[in-house]
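Q: Before we look at particular features, could you take me through how they are to be read?

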Amino acid sequence: MKRLINDGYNVVEEMLEGYCYAHSDFVELLESDKRVVISKHLSQEPKVRIIVGGGSGHEPLFLGYVGKQFADAAVVGNVNTSPGPESCYNAVKAVDNGKGCLFLYGNYAGDVMNFDMGVEFAEGDGIRVESLPITDDVYSSKLREERRGVAGDLFVFKIASSAAARGDDLDEVKRLAQKANDNTFSMGVALSSCTLPVTGKTIFQMEDGDMEIGMGIHGEPGIERSKLVPADSVVDQLLHYILEDMKATEGDEIQVLVNGLGALPLMDLYVCFRRLHQILVTKGIIIRNSWVGNYATSMDMAGMSITLMRLDEELKELMDKPCDTPWFKII
């Protein structure tokens with residue numbers, strides 16, 4: 001195992017402690033629950049609170065997007081494991097200030113169950129909490145509501161957080177988050193497995209020189225496994241599925257994310273973006289903004305994903321609003 005950790009059973013707690021020390025101007029751990037990261041920049045005026053979360057191992061996903069005018073709290077589970085319902089509820093108690101909260105998380109069975117239980121706990125205290133699973137992975141199901149949430153989480157977090165920051169009520173914040181989700185489409189490719197810190201073993205087997213199109217960030221099976229082909233061919237395949245699913249047409253304005261899964265060099269991500277740009281320009285699809293880097297990883301997995309979000313005036317306004325976190329900033 002090529003990892004710099006101590007005891008694999010303590011890796012999440014030690015990571016969270018180190019993260020909050022490193023970014024103490026932005027965040028802190030909740031005193032009563034060390035699996036909850038809280039923003040130090042919570043607005044004093046009553047506003048909807050945005051709480052994001054899921055399993056660890058995908059950093060900076062979840063905790064990296066807590067800060068100024070972005071997520072108000074993140075709830076973090078064990079590696080590839082949903083956070084417990086008590087932690088979801090504790091995050092609500094820590095940040096709610098009378099306008100309710102919105103849970104945002106990837107659409108995985110454990111996350112859905114535990115965040116929904118957190119909603120029920122909050123209802124018992126008279127706190128209104130809404131819950132929205134994110135479903136952007138185009139290959140994982142033909143039915144939108146059954147798809148996994150992957151790197152497109154970031155786009156939905158941004159839209160919901162911007163709406164909450166400007167003072168929208170909970171119903172409107174959830175509507176806009178749902179709209180962002182419905183217009184977000186992702187697909188990835190894996191070149192290797194990640195390594196579990198507790199066992200020191202990979203979560204699936206892949207021969208050197210192989211790749212798998214459509215694989216999920218936890219190692220969920222993709223479309224097919226084959227020998228690695230040049231970057232342009234990989235991007236061609238991913239965009240074929242994404243553009244077909246989103247029914248993109250000439251003149252569409254989109255937000256682009258080329259996301260690294262942890263071990264792929266930044267050089268490679270820009271090579272992939274180059275091809276993506278060529279294809280979209282040829283099709284007359286307008287790239288309004290583009291982000292390239294590690295935004296939603298799978299520990300030391302080699303691979304990347306592409307996410308596109310179709311924009312309209314309402315979504316563009318919210319995407320442009322300023323925010324500042326340790327891993328994401330718009331001025």
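A: A residue is called buried under 20% relative accessible area, exposed over 50%, and partly exposed in between, with a 1.4 Å probe and protein chains only. This is a predicted model, in which local features need pLDDT of at least 70, side-chain atom pairs count only at pLDDT 80 or more, and totals for chains, interfaces and linings use all residues. Residues are numbered from 1 along each chain as its sequence is written, and side-chain values use heavy atoms, with hydrogens and water left out.

Q: Is phenylalanine 62 buried or exposed?
A: Phenylalanine 62 is buried, its relative accessible area being 5%.

Q: What is to be said of backbone angles?
A: Most residues other than glycine have a negative phi, and most peptide bonds are trans. Phenylalanine 62, however, has a positive phi near 80 degrees, and it is found in the loop between β3 and β4, where strands are DSSP runs of E with at least two residues and helices are runs of H or I with at least four, numbered from the N terminus. Proline 60 lies in that loop too, and the peptide bond that joins glutamate 59 to proline 60 is cis, with omega about 10 degrees.

Q: Where is lysine 247 placed, and what is its phi?
A: Lysine 247 is in the loop between α6 (231–246) and β10 (253–260); its phi is positive, about 55 degrees, although it is not a glycine, and at 63% relative accessibility lysine 247 counts as exposed.
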